[in-house]
Each structure stands twice: as C-alpha cells, then as structure tokens.
There are 2 protein chains.
Amino acid sequence: MSSLFVRTLREDPADAEVASHKWLVRAGYIRRAAPGIYTWLPLGLRVLAKVEAVVREEMNAAGAQEVHFPALLPREPYEATDRWTEYGPNLFRLQDRKGNDMLLAPTHEEMFTLLVGDLYSSYKELPLTLYQIQTKYRDEARPRAGLLRGREFIMKDAYSFDIDDAGLEASYEAQREAYQRIFTRLGLEFVIVTATSGAMGGSRSEEFLFPCDIGEDTFVRSPGGYAANVEAVATLAPAPLPASEITKLPAAVVHDTPDTPTIESLVALSNAEYPRADGVAWTAADTLKNVVVTYEHPGGEREVVVIGMPGDRQLDMKRLEAVAFPAEVSQATADDLTQHPELVAGYIGPAVLGPNGAPREESGRGAVRYFLDPRVAEGTSWITGANEPGRHVYGLVAGRDFTADGVLDVAEVKEGDPAPDGSGPLELARGIEIGHIFALGQKYAKALDLKVLDAGGKAVTVTMGSYGIGVTRALACIAENTADDAGLAWPIQVAPAHVHVVATGKDEAVFAEAERLAEALESSGLEVLYDDRPKTSPGVKFADSEVLGVPYTLVVGRGLATGVVEVRTRATGERVELAPDDAVTHLVATVIAALG
Amino acid sequence: MSSLFVRTLREDPADAEVASHKWLVRAGYIRRAAPGIYTWLPLGLRVLAKVEAVVREEMNAAGAQEVHFPALLPREPYEATDRWTEYGPNLFRLQDRKGNDMLLAPTHEEMFTLLVGDLYSSYKELPLTLYQIQTKYRDEARPRAGLLRGREFIMKDAYSFDIDDAGLEASYEAQREAYQRIFTRLGLEFVIVTATSGAMGGSRSEEFLFPCDIGEDTFVRSPGGYAANVEAVATLAPAPLPASEITKLPAAVVHDTPDTPTIESLVALSNAEYPRADGVAWTAADTLKNVVVTYEHPGGEREVVVIGMPGDRQLDMKRLEAVAFPAEVSQATADDLTQHPELVAGYIGPAVLGPNGAPREESGRGAVRYFLDPRVAEGTSWITGANEPGRHVYGLVAGRDFTADGVLDVAEVKEGDPAPDGSGPLELARGIEIGHIFALGQKYAKALDLKVLDAGGKAVTVTMGSYGIGVTRALACIAENTADDAGLAWPIQVAPAHVHVVATGKDEAVFAEAERLAEALESSGLEVLYDDRPKTSPGVKFADSEVLGVPYTLVVGRGLATGVVEVRTRATGERVELAPDDAVTHLVATVIAALG
C-alpha cells in the first residue's frame, strides 16, 4: 500500500448517481477521462482481468475460438448492411488522412461474417463459433452511471456460423449455457428474458438481466415462468368479432363534448351526458386515444405518425423505439402539429388518419400513418375524437368504421397484465442488461454474401448468431450488487486480492509479523494486499480496507502482545481473533474453498 | 486442426513486401482489415498473448504498475502540450455527437501526467512508474510491411515520475534494463542507439533497434562502441578559424561558369578554368551546395528554407525531419521556387539568403531562412553560387563573407565518417525500432502543471520519462528473424504451441496413438497442436506444419508399424526417430529446458 498507485477519495464524484460508480471511483479502481470514458487504475485492472478470465474460460469451454478484430474499421462493410446509417449518431465516425470514412466499431457482425467468408467454403467446416474480448465504442447520447453506460467499454462478442437452423439452435444453446455459467461464477444473479432483436435483426433473442432497482431495462415475469424485456411483451389481444356480428352493432354518433381534451374530462362528461345503454359507467378503457409521435428516419426525414390505443394506456417510448428502429422516435412537437392542421389536439380521431383520411393536398401524399394497439381489435367499439374541437364520436367500431396502417404493440405494460402465454399476471421489475444473445439468421450472411457449399455441392447462405456480454458493465454490476455504505465488497472470484493484511500502530515487531504473515499467505498461493504504511492511523487503514473491498482483512496490531490477530470478513462484517499462524491456516482454507 | 479456425494460404498476399508480413498472413495468424489495420486469428492471438506476458512480467519485475487508459480521448490535454497540432495528419481526429473534438491516442504522456497530478501531491509518493499495454493509433501516410508499420497497433508504454534528475536517471536505467531483459527473452537481437527526442521532447533518448536489412531506420556504429540512430549523429565540425586568420584569406572573386548547374559540372569547369592556387584539384567537397526545401508548419503555413552543405554531401530528409519537427519537410516544388525569384536554380548563393539577403519587398519579411551544415565552419572557404545564371563565386569565406540563421546537421552520414566521440569510422546498418526510451524531463509536467511538494514544502515540477515498446511490431520482428522459405519458425517462448503432433495416413491406430501422445504431452504441461484431419494428405500436413512454425513436430505415421515416431525441429530441420514414449520424454525435457 505504501507504493501501490491508489488513493481512496473521501468525497463522492460529482456525477455519481449509483453505488458502483461512486465506490469504483472513490476506491481508486477507475477514473474518468471523458464523459463515459474511464481509465483503469491498478486495482481495477486486476478485477477486470479476473472477470475477463472467467469469460474466456467459459467461452473456450463452450468451443468458441478467440480472435481479435480492430476497433477502427472501414465504412464499407457497415454500409453493406445499412448499419453505417442505421446507427445514426451512436456511431463514432471519422475520416483518415486520405478522406476515407472509418468508424469505431460498436459490434463486429460484418467483420466476422467477412472473415469466415474469406477462410471457409464448405459445410464441413461448420459449425464455428468465434469470439473476442474487445474495446467497443458507442457515442451514447447520455453516458451515465460510470461503467454502466459508457462510450468506450469492453465487450465479449461471439458469433456462430451454421449451415442450418438446427445448427444455429445448438450454437445458440451452447452460448446460452455458457452465459449461465459465467454469471454464476461471477456471483451475479440474472434473469433470462425474451427480447426484441432491435438493431441486430434476427429471429430469436434473449437478454440476461441483472435485476436491480437502478436498471434502465424494465422486464416482466409471471408466476408461470414467463419473462421478457418489456419491449418484447406481446399483448394478448381480444379475438376479432366476426363480420356478421360487427354489422349488428349500433351506428356511431357524434356528440358535442365541450372542453374534453383529456381522457379524464371526456370520461366524466360521457358518464354525465351520454351514459352507456347498459348502465355500466364509461371508463378510460372505453376511449380510443390517438397519440401523435414523430419518426426521424435515418436519412433525416421527419414523419408524423399517430398511434391509437385505449385511453387507460400510456405510450411506452422504449417499446416504440424498439419497433420503430432504425427510425428515432420522439413526442411530436408543436411545430410538427402545425404541419398537420387536420390533427385537432385533444379531439383527434381515426377519420382523418391512415387509410381513413384523405391524401394531403399540399404534398399529394397519403394521410398521416395510423397504427393501432392490438386491443383495438376488429369489432371493438370506442369513444374517440371527431376531429373538431369539443366533439367526439361514440360507438366507432374498428374494422367497420375505420382501419389503420397496421398494429403497433407499444402501449405500456402494467403490473397485473396477463402474460401472453397464459402463465398468469405479470410482475414488473428493473434490471441491467449484462448479456444479449441473438439468433441472427441470415441477415448479415445475405448482405455480405457468406455462402458455403452444402453436402450436395450447392452454395447455401450461412446462418448466424451473435452473443454479447458487457464485460465492464458486468464488473460494475458486481460492484453494484456487493457494495455497502462503507465501500466495495468483492466476491473472492474477482477480488483484486484475497486478503488485505493491515499492520497497525508503530511497533516494528507488529510490521515484521504482518509481513511474515503476508508472505506465508502468498506462499500458499493467496493474493495479498499488504498495508505497510508506517505513519497512517489504524482508523484510516481500516476505512481504506473497507473502501477497497478485499474479501478478508487480517489485522495485525496491539492484539499481537496477547498472541492474537483479527480476521475480518468484508461482506458480513464478521470478526474473529486467532493466533497468527492459525489465522493463516484459516484464511488459506477459507479462500481455497471459496475459489472452488 | 480439424476444428481450429486457421487456413494456410498458398499465395503471398498481394501487398506483402517482407517475410513477416507474408508468412503471418499465409499461416493464418493475422488478416488485413484495412490498410495498416489487422485482425488477429487464434494462432496469432496466442503468440501475441505470450509476447505481452513477457513484457508484463518484466515491467512488473521492474516495479512498474499496470494501468489502462482509453484510446478515445478529449482534445484538451493534447492541446495543452501542442501535440494536437504538432501531430499533424498522423493523428486520427474525430468529433463526438456533441461536436467535441476527440482523438485516438498515439501515446499517452498527457493522460498519465494528469492522472498522477490527480492522485499524488508529495515527493514521498515518488518515484512512480506506470505502464499499460494498449492499442494505439497513428494515421501513417504509408502503412506497410504488415505489422511493422500499422495504423492500429499494440504498444507497451510506460511513464516514470521523479522529483529530480537523479531519480529520472534511475527510473530510466530501470526501464532500459527491463527492455534488455524483454528483448533477450523474446530472442530478438537488439542494438541500443542514441536517438533524437523528436515529437516527445526531452533530454536523453535511446532506441532499441532490431538490426535487419528491411529496417526503415538507419543507424551507425563504430569499432569503439558508438551507436546512434542516423538522425542523432552529430557531425564532427572543424574548429572555427580565429578572426585574425580569417581576415588573411584572399578575397572572394566571381567567375563566369556557364552551364554548371550541377556540382559535377562545376567541379570540372573549375579545374579546367580556375585551378586551385596550390595545384590540388577541386573536388565536390570544395563547393557549397544550397539545397532548397519547404517546411509545412503545423498551422499549414509553407516556408521555403535553404540549407548550405558541402557539395559532396546529400541532404538526408530523415535527419531533416527529426530537427524540423513539428514542421513537415519536403523538397521545394517548382511552385515554391516561383515564389522566390531571387533563388536562381543551380546558382543559388549565400548573398541572397538569411542574414545576407535583403528583406523581400513584396512581404516586408526577411530573406529566405538559411542554415549551414556544421562543416561550413567559420573561416572555411567555398565555391558557391553567385545568384546569376552561369556565375559562381570562388573563395567565399564563412563568417567573413556570409553568415546564416543557424546550423542544421542534416547532411547524410556516410560509411567511414568519423564517430563523433572519436571511437573510429562509422559503419552504417539498418534496423527496426522495437523500443524507444526518453528522459522527457519537465516538458509535459510543465505544460500540465504536475507539481508535488518537496521535503521543504515547496511545490516543484515533476520530471518524467516515457518508455515504449512496439508489442505487435516486436512480434513481427521475431517472425522476420526466424521465418525461412517454408514458413514461420517460432522461438519456443512465444510459439502458439510447443509441439505440433501430425498423424498421417488413414490407419485408425495411428490416429489413436497420435492422440494418446498428444494427451501425454499435454498432461506434462506442454501445449500441443494436433493435426487430426482424417482426409488430408501427409504432404499437405507437413507443409502446413512448416508454415505454422511450431518449434517441434511429432510425426506419427507409417513408422509406427516398426515402433517409431519422428521428432522434427522446425528451426534446424533436424529429424530423429524414437519410440513413441521416448519421443514424449524427449520433447518434454527439451521444451522445459528451452523455456528455462
């Protein structure tokens, strides 16, 4: 400790919102170099190396082979798959001295696809899974929470190559199992949830989430075992009413509904002025709310889009983002609305939207595109806007009185909603994505023409999977999971050292004994951090030891006069006094047992 | 081998000029992703990891502590030291989504300086040496020779921090010794040469060169032990003549010298028309040649500069580049000369240059700057241009008839020139820079205000060193050094495996025995590459084995019928037949002995 390049800080970093960020900085493990970009100090680097080693061992055990791609890459392969454009401002782009477009890679699907195409040509060479542990770049709009959402970070990314779907399924399963072993070894609780494929494309995708209140991802689970990222939850839609039944429904009627721009005011007025025929009170769920959003397409074009959903639901922007990709979505601005005088704020109804609306005179284009929540099934009847201030239409029937350009399942999922597989009511929770696996299928192989000859000599397109682990993010999650009010508290598997030997006082005999014990621990194969600082007070040393979070502390101090030293367990706070050599024996046995 | 992601290529890559590039690509160790940017395949990555491990072990043994900085960094620290500008087009620059200037770091002096300033404040905390093994970026104008001159490459860079010069000297020596151990362990011959500090600044600097005909660096050595990079050779200048002697020299005379734009034609005409008074023939060394070059300053300004040197010397652009930094230099273009009508091509003389020339009317600025080779000492007498076509001046005496803006020691060094320390005639050789150590002094600490309190409580500026090893380049040098006509031939210390077991033929018993032997070798701690391909011919397997370059090959084939297998040594071609178990014993003993 007297020469180690580490300084614990007494103050929280100004921008620290979460425990892992705060303590990793205060304990001198990492240091901010720029927003979302961190330097690793010696202790941090040791933990990182251990996390990487676990990932590497399990990847190798799963039969994946390690390679290493450049971070700085030419534009062309990413152009071929459209990701140069689709990534939008999240991609760090630059030009070299000759004016060639280049990028800092956020993931490497394209390069792996090209490499396998370069080297392989036959089905006999497959299956193949390659991986790398590599520095990745993403120009996050809001880098935050230290390592949890950075702009330069370390990922393990793996890619599988198979001749057919069955092969892909097996490769996917092998990675899925390796992920479970990795997170288990790292001591990280995880939930595997169904996910959307988003930017990656592909048929099947699951996320590994570390459940955690500060997580940015919301997921759902049911008593029956359903689990999904909230973006991937499919709403259970009512069955459409047969056409013969629909025609029997009463015709729609427009009523005056002054001053009812909100769902609440509309429901209140409806119950007062236009009560339901069956005497049941109208609720927000009887109204059809039309939400105006804006898509910004990759080319820069802005498009106003309207989404209709029951009035008791909110639009979930994250769910919309997932389906709107590669367009970026936002709430429509006042300016967007000015462009569309047919959209009467508070009274928007289907009649002017999508297939129901007239083409817009000025542009000759069709009406604003209109999408419906799955609950607005054919034959359902709604109170909705009449496209005039202070007027709504009652009994407007989907499929009879209006249609849409499609279904968008982007309303918020609520606690208690039914799981789509019938496994019971959903519970909502938050988590941090630490792994994501994708059955990509042929998207990249097609775009980059990766084919091999099959047994019959025919060229067939390879099918791929891609599998990522946020290595630095997983490390932060471990810190998040184990830190307490006093500092970090590493699991033994990834701790920067196994035992922190602290010599206290000024007695040279104490330091000599502490050094002897530290050497005894090291010669038994344990990793030791020895606090040999001669003029530092015991209080500061103990506080530092708690901040640094080495699993066991061996305190050598005044007790030595009566023949005892103290072994402290960081995570539990447990303290035991033992004779010095017994302490060594005890620690060696404990650590070796814990390491498995 | 049946599942390993490697394919040997029969053809040389189109752009391969050197053996390491050719064989690393053909053996499937690396693969080009973009000019000067390479992907590491599994075998290459194994070698790289071993090279890195040697570097890491010796850095740790030398007391350096490992950290890891980002590659993507903000502009500001590099602005503070002027390197943002000085690096010119060699720096990869980019902007993030908010328009902030960023760069991909070529070296990290600034960031290390800031980090130490962040954490340390007292002389008691020094000395300190930190290092990292990290991916670096440099936008080379001419990336070439595979890993030897790349745009994305791995370096070990270390930085020392001391309170005084004596401390810096000790830190510098510790790194210097570590470098010698590293290159010795890697099996790389090296020469330590005095170097210029170039872009880094600082007082003392040495390069570690791997002597090699394809090297881009020229260095000199003398029988007496002098060794320097050619850029750093100081010319032994004659002592200036005392002023009293100078005045005794005959006055200069202008002669007609028609059609003598070259030194050769001038010398011939001079001997014919104006022979020396002492009867000795004029030689090129009696003429003063004035070479016109252009400096492009970091801000973009172009400046024409003239350098005077004896006519028997050529300008060495690399020596000029080293002293002109941060300006970039080139031969003057016709256009540059058009800007300066006073420069009469072929007949340029001192009278219009530097302090001798009149300020230029159009700009009001001084005459073109003029620098002299050290051999043009005060009192030396020259034949040189008279600034008119077809006329030269004879007996023009430096210090009496003309002066200059300074001395530039940038003429080429020739085989046989005297060593500056008097240790004998210089021999010229070529090498590849694999390490470079700099006693930086206070340049960075001053620019970034790195101070600590000394024993008296006074804030003093820290003094620094910086120490680099080109890790990927060193790997390429090892390949360059050991490859032969058949492929790579790794030293055991960095080989991707120790033994390549090759099973030949179709006999299942052969494969079973080969596998048994491979397992026996592995269980003794050796790393084995097993060629288990069932349908590949022995010829192809042997050729692959030679290309891949594993130090020992164990051939299990037909000989098994008579109870023998064959052990081949890749580097020497030696072959011995042994009983299978004896072969294992022999290989284990040989490898363990070789690994030390």
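Helix H2 of chain B covers residues 42–61; helices (H or I, at least four residues) and strands (E, at least two) are DSSP runs numbered from the N terminus. The expected span of a helix is 1.5 Å times one less than its number of residues. For the 20 residues of H2(B) this gives 28 Å, and the end C-alpha atoms are 28 Å apart, in agreement with that value. Buried positions in H2(B) are Leu43(B), Gly44(B), Val47(B), Leu48(B), Lys50(B), Val51(B), Val55(B), Glu58(B) and Met59(B). A residue counts as buried if 20 or more other C-beta atoms lie within 10 Å of its own, as exposed if 12 or fewer do, and as partly exposed in between, with C-beta atoms placed from the backbone. After H2(B) comes Gly63(B), with a positive phi near 85 degrees.

The model is predicted: local features need pLDDT of at least 70, side-chain atom pairs count only at pLDDT 80 or more, and totals for chains, interfaces and linings use all residues. Residues are numbered from 1 along each chain as its sequence is written, while chains are lettered from A and ligands numbered from 1 in the order in which they are written.

Lys156(B) belongs to strand S8 (residues 152–162) of chain B and is buried, with 26 other C-beta atoms within 10 Å. Apart from neighbours within four places in sequence, the contacts of Lys156(B) are Val55(B), Met59(B), Tyr131(B), Ile133(B), Gly468(B), Ile469(B) and Val471(B); a contact requires C-beta atoms, placed from the backbone, within 7 Å. Lys136(B) is 20 residues away from Lys156(B) along the chain, and their C-alpha atoms are separated by 9.5 Å.

Chain A contains 15 helices and 29 strands. Its C-alpha atoms fill a box of roughly 95 × 70 × 50 Å along the principal axes. Of its 596 residues, 48% are buried. Among contacts in chain A between residues at least 6 apart in sequence, 70% join residues at least 24 apart.

An automatic or database domain assignment supplies the domain bounds. Chain A is divided into domain 1 (45–67 + 106–233 + 427–480), domain 2 (243–407) and domain 3 (499–595). The centres of domain 1 and domain 2 of chain A, taken over C-alpha atoms, are separated by 39 Å. Contact between these domains involves 5 residues of domain 1 of chain A and 5 residues of domain 2 of chain A. On the domain 1 side, 2 of the residues are nonpolar, 2 polar and 1 charged. In this classification Ala, Val, Leu, Ile, Met, Phe, Trp, Tyr, Cys and Pro are nonpolar, Asp, Glu, Lys and Arg are charged, and the others, Gly among them, are polar.

The contact between the chains takes 40 residues from chain A and 40 residues from chain B. Elements of chain A that each supply at least two residues to this surface include helix H2 (42–61), helix H5 (109–119) and strand S7 (128–137). The chain A side comprises 27 nonpolar, 4 polar and 9 charged residues. Of the interface residues of chain A, 100% are also interface residues in chain B, so the copies meet through the same surface.

Chain A is superposed on chain B by a rotation of 180 degrees with 0.1 Å of shift along the axis, at an RMSD of 0.2 Å. This is the relation of a two-fold axis. The superposition is by least squares on the C-alpha atoms of residues with pLDDT of at least 70 in both copies. Leu94(A) is the residue of chain A that comes closest to the rotation axis, at 2.6 Å (C-alpha).

Several backbone features of chain A lie in loops. Most residues other than glycine have a negative phi, and most peptide bonds are trans. A cis peptide bond joins Leu126(A) to Pro127(A), with omega about 5 degrees, and Pro127(A) lies between H5 and S7. The bond from Phe325(A) to Pro326(A) is also cis, with omega near 10 degrees; Pro326(A) lies in the loop between helix H9 (317–324) and strand S16 (328–331). Asp82(A) has a positive phi near 75 degrees and is partly exposed, with 14 other C-beta atoms within 10 Å. Asp259(A) has a positive phi of about 55 degrees and is exposed, with 11 other C-beta atoms within 10 Å.

How values were computed:
Contact = placed C-beta atoms within 7 Å.
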